[in-house]
Amino acid sequence: MTDPTDPETPPAELLERMVKRMQRDLEQEVRSGKLDPDDLSTAIIRCQTCDNPDDCRHWMTREDTADAPAPLYCRNRALMLKLKAEEK
């Protein structure tokens, strides 16, 4: 994985990093059936079309966001909240 602050970090990698911050694994979520492959594809597209990738990169480097599922502006916030809820 590349440095999340690198502007060349691909959107799919930003999504994966966001999920890993919650101690989750996208591949495992798909294999276990908790995440539909089509939903993952949609989430990647949402990241690719995000208006805030630089803000996202910065958000992921902040210590005070470590337990947060995603920033309020995140197009995949609902997915992150769902994954976060499933960890309980």
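What percentage of the contacts in the protein with a separation of 6 or more is between residues 24 or more positions apart?

Modeller: The share is 59%. Keep in mind that this is a predicted model.

The protein has 5 helices and 0 strands. From the N terminus on, the order is α-α-α-α-α. The radius of gyration is 12 Å, close to the 12 Å that the globule rule gives for 88 residues, so the protein is as compact as a globular protein of that length. Its C-alpha trace spans about 30 × 25 × 25 Å along the principal axes. Of the 88 residues, 36% are buried.

Now the core. In soluble globular proteins, nonpolar side chains tend to be buried together. Here the largest nonpolar core holds 18 residues. L15, M18, L26, M60 and M80 touch the most other members. Two or more residues each come from α1 (11–21), α3 (37–48), α4 (53–61) and α5 (77–86). The largest share, 4 residues, is from α1.

Look closely at M18. Leaving aside neighbours within four places in sequence, M18 is in contact with C56, W59, M60, P69, A70, P71 and M80. Two of these, M60 and M80, are also among the core members that touch the most others.

Last, the cysteines. The count of disulfides is 0. The sulfur of C47 has its closest cysteine sulfur in C74, 6.0 Å away, and this is too far for a bond. A disulfide needs the sulfur atoms within 2.5 Å. Both residues are still buried: C47 has 17% relative accessibility, and C74 has 16%.

Conventions:
Residues are numbered from 1 along each chain as its sequence is written. This is a predicted model: local features need pLDDT of at least 70, side-chain atom pairs count only at pLDDT 80 or more; totals for chains, interfaces and linings use all residues. Side-chain values use heavy atoms; hydrogens and water are left out. A nonpolar core is a set of buried Ala, Val, Leu, Ile, Met, Phe, Trp, Tyr and Cys residues joined through side-chain atoms within 4.5 Å. Buried means under 20% relative accessible area, exposed over 50%, partly exposed in between (1.4 Å probe, protein chains only). Contact means heavy atoms within 4.5 Å. The radius of gyration is taken over C-alpha atoms; the globule rule is 2.2 Å times the number of residues to the power 0.38.
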